[in-house]
Amino acid sequence: MTSPSSDPSSAPGSRSLTRTKDIETVLHQNDDTAGEEQGLRRNLTARDLIGFGVGIVIGTGIFTLTGTSAKNFAGPAVVVSFLLAGLVSLLAALCYAELAAAVPTAGSSYTYAYTTIGEIFAWIIAWDLILEFALGAAVVARGWSGYLQEAFGLSETFFGEGSVVNLGAVGIALVLGIVAAVGIRESKLVTLLLVVIKVSVCLFVIGVGAFFVKVANYSPFVPPSRPAPDAASATGLQQPLWQFVTGITPTSFGVTGVLVAAAIVFFAYSGFEAVANLGEETREPGRDMPRGLIGTLALCTALYVGVCLVLTGMVHFSRLSEGAPLSDAFSQVGLGWAGILIGVAAVAGLSSVILVDIIAMGRIGFALTRDGLLPAWVGRVSPRFRTPMRITLATTAAVCLLGAFVPLTTLAEMVSIGTLFAFLVVSIAVAVLRRTKPAMKRPFRTPWVPLLPIVSALTCIALMSSLAVETWLRFLVWLALGLAVYVGYGRRHSRLAPGNLVATGYGKRVDTGG
């Protein structure tokens, strides 16, 4: 526990913004409450973590981005784009694995930042992750509603992107939010069932589609470079940041197109970091967290590469559908019935993404309330279900509202910028902790530190620069709102604030008159 003499919160002025939480305090809290009513129940194994990870990663990316990226940017070389995006994610995963194994906590990158670079940065990360998961869940809920409307011919007034009030999005978010609130065990079973369904269909696509692959469709593997189809219209705030700064006109295909596609398909990997939020609910986090994180990426990357190879081999990339590339490709080769199976997989895949997003938001909120940055009653753990029920239901309500009324197409890039920003902070945290806490117990050690974390951070910055200027502006506005909440409430009520004592255990603050 942090001693009064070394408590950085005692520093006046701006130094209090960078006060850090002692790692031993975090670990002591986790150990003390592992079996208490206030603690989260440890039910998860490495296999369960991989199930959650695959549940959130395999979704809209494999069902839509494959066709869009191949047709408009990379051609058959979209396989390379997925490999590059997977490599960036793997670098971040190796950094996450060290911290998640050493500091198994519900706060994930929020807590890692809190113990390394300071409270204000930890708050920014948490605020960023709330945006990422809430927006991601709402976007996917609307996509789920669209698949349902198309499959069953439901009313466009209440289902699909053109709806007045998207009841389909509200319904699926509400049902899965209740599942998340009832318990991690129930969530685990539902997620694993959905994962089995969609992984089976991915294997079906690879196994059956392989018989219809034509080698001629792979030529040229990297199509010659040409001006991007939207280069003329992408002006002002709609330009990628790097284009806005350099004035260079982007191109499709060629090496540049492959790199642009890598930035786009990175969305397909977003969300795997939600696994790190389950550290306090993992039986043996030192062993299982690295296996869960790296296993998730390995399995998802293998499926993505396999599907891309088959898809671009079955149909020439210029004839791929942007809306439903997998089912359309099977229709083009005379297997229209396969589209039904793929549609089922899409619904199952999107459902599991929503569920894991909601679970992740609840755990981040729980960590914030435990540290006093949000009111304690918001994150109180249900004595019956042993989950942060109130914060889970509150975030579910927010997802329902967003899914019901807000068209989120233009905001989809914010999911990527939020994810990359979190990856950036975690990469920095690994290098900082190796220097400031060299004796800390590390069940898993990221290789080649500080080189690997530096490379990870630089690749995250490179991909962030490919996002539109307007996305950066929206992101900055959201962060400004978060800073207002922190200054208005969190800074004064933090358990590290002057006048507050950090007591062992969750939710026990002693007010000394400050």
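Reader: Which residues form a nonpolar patch on the surface?

Author: This is a predicted model, in which local features need pLDDT of at least 70 and side-chain atom pairs count only at pLDDT 80 or more, while totals for chains, interfaces and linings use all residues. Residues are numbered from 1 along each chain as its sequence is written, and side-chain values use heavy atoms, without hydrogens and water. A patch takes residues with over 30% relative accessible area and no salt bridge, with nonpolar side chains (Val, Leu, Ile, Met, Phe, Trp, Tyr) joined within 5 Å. With about 480 Å² of accessible area together, the residues are Val80, Leu84, Phe221, Val222, Val255 and Leu259.

Reader: What is the volume of the largest cavity?

Author: A cavity is a set of points on a 1 Å grid over the protein atoms alone where a 1.4 Å probe fits but cannot get out. The whole structure has three cavities of 30 Å³ or more. For the largest cavity, the volume is about 150 Å³.

Reader: Which helix gives the largest share of the lining of the largest cavity?

Author: The lining has 16 residues, with Ile56, Phe267, Ser270, Val353 and Asp357 nearest the centre of the cavity. Two or more lining residues come from each of helix H2 (46-57), helix H3 (60-74), helix H6 (119-152) and helix H13 (338-370); helices are DSSP runs (H or I) of at least four residues. The largest share, four residues, comes from H6.

Conventions. Patch = residues over 30% accessible without salt bridge, like charges linked within 9 Å, V, L, I, M, F, W, Y side chains within 5 Å. Areas by Shrake-Rupley, 256 points an atom, 1.4 Å probe, with all protein chains shown as cover. Salt bridge = Lys/Arg side-chain N within 4 Å of Asp/Glu carboxyl O. 1 Å grid on protein atoms, 1.4 Å probe; cavity = no way out; pocket = protein on both sides within 12 Å on 5 of 7 lines; lining within 4 Å. Points joined across faces, edges and corners; volume = space filled by probe spheres on them.
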